[in-house]
Amino acid sequence: SAEYFSKIQLFFQLNLDDVDLFVDCNTPDRKELSPIHDGKGTSEGRGQAATYTSMMFENVSRTFTFSVLISGKKARLLRWDRAGVIFSERFDWMETPCLAQFLWRFNHASPAQRGLDQTVSLPNADEEEQARNILRSVRDQYEGVSFPTDDEPLRRFEVWGDKDLCHIVVTGRPLHAPYSVLGRSSFGYIGVDITSNKPADHRIVYLKDSWRIAVKGMPIESEV
């Protein structure tokens, strides 16, 4: 469920002893430098891992996340972001301290080091009350638009512009979310811009959250 994946910090995937989803660089099984292991159950296993990761990204704003792949006595550490996945060499988690050391470090890691987006947080009580009042007041004016319900948790976005201007936008869950882990990670939200100190200036907005292409010569969407 969405509530379940919103609380997950790290997931373990358990496979049969002979199911390994990837191939190490220094093994003869690696043909033409392909990191993908084609065997029984491997395609389904990678799909399962990608689905879990996608659900984690959808329910919590993240820049990356980790997972642990265990196949019998062997294990791999995985790091996922919107460009793909990086995996460690296969190691014996029962005979080496690798897994225990990783879990110790993960337990002591900061939210940012665990991959949580630091521009997204929970609104304080005043911000939440202001946003909910405006959402309730205009809900009936927008037919067919799915507004956040009164018991739905809200998110607080810091939206930074190119001139060091930060807009504070409070939203509910995304209206639109990508199904794939890979790509620009475009999410769509209905929210309230509460940047101004004057409640009369607060307004309903549509927030698009995505990994934009930041290269010279590419205009940003706010200028298009």
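At a relative accessibility of 17%, F66 counts as buried, since the cut-off for buried is under 20%. The model is predicted. A search of the whole structure finds 7 aromatic pairs, and the structure holds 7 salt bridges.

**Aromatic pairs**

- Among the 7 aromatic pairs of the whole structure is the one formed by F11 and Y52, which is edge-to-face, with 5.5 Å centre to centre and 80° between the planes.
- This pair links distant parts of the chain: F11 is in strand β1 (residues 11-15) and Y52 is in helix α2 (residues 42-59), 41 residues apart.
- F11 is buried, at 7% relative accessibility, whereas Y52 is partly exposed, at 28% relative accessible area.
- F66 and F106 also form an edge-to-face aromatic pair, with 6.2 Å centre to centre and 90° between the planes.

**Aromatic cluster and charges over rings**

- One aromatic cluster is formed by F64, F66, F102 and F106.
- R79 places its charged end over the ring of F64, 4.2 Å from the ring centre.
- R82 has its charged end over the ring of F57, 4.4 Å from the centre of that ring.

**Strand β9**

- Strand β9 (residues 187-193) is mostly covered, with 7 of its 7 residues buried.
- F187, Y189, G191 and D193 point one way from β9, while G188, I190 and V192 point the other way; all are buried.
- Strand β8 (residues 166-171) runs antiparallel to β9 and is joined to it by 3 bridges.
- β9 also runs antiparallel to strand β10 (residues 203-209), and 7 bridges join these two strands.
- G191 in β9 is the bridge partner of T171, and the bridge partner of G191 in β10 is V205.

**Salt bridges**

- Side chains of opposite charge can pair when their charged atoms come close.
- R79, whose charged end sits over the ring of F64, also forms a salt bridge with D81, the closest N and O atoms being 3.0 Å apart.
- R79 is partly exposed, with a relative accessible area of 27%, whereas D81 counts as buried, at 18% relative accessibility.
- R139 and D150 meet through their side chains in a salt bridge of 3.4 Å, N to O.
- R139 and D150 both lie in the loop between α4 (125-138) and β7 (155-160), so the pair ties together parts that are 11 residues apart in sequence.
- R139 is partly exposed, at 29% relative accessibility, and D150 is partly exposed, with a relative accessible area of 43%.
- The side chains of R156 and E158 meet in a salt bridge as well, at 3.4 Å, N to O.
- R156 is buried, at 17% relative accessibility, whereas E158 is partly exposed, at 27% relative accessible area.
- R156 and E158 are linked with E127 in a network of salt bridges.

Technical notes:
Residues numbered from 1 in each chain as written. Predicted model: local features only at pLDDT ≥ 70, side-chain atom pairs only at ≥ 80, totals over all residues. Heavy atoms only, no water. Phe/Tyr/Trp six-rings, centres within 6.5 Å; stacked < 30°, edge-to-face > 60°. Helix = DSSP H or I, 4+ residues; strand = E, 2+ residues; numbered from the N terminus. Buried < 20%, exposed > 50% of the residue type's maximum accessible area, 1.4 Å probe, protein only. Lys NZ or Arg CZ within 6 Å of the ring centre and 35° of its normal. Pairing = 2+ DSSP bridges. Salt bridge = Lys/Arg side-chain N within 4 Å of Asp/Glu carboxyl O.
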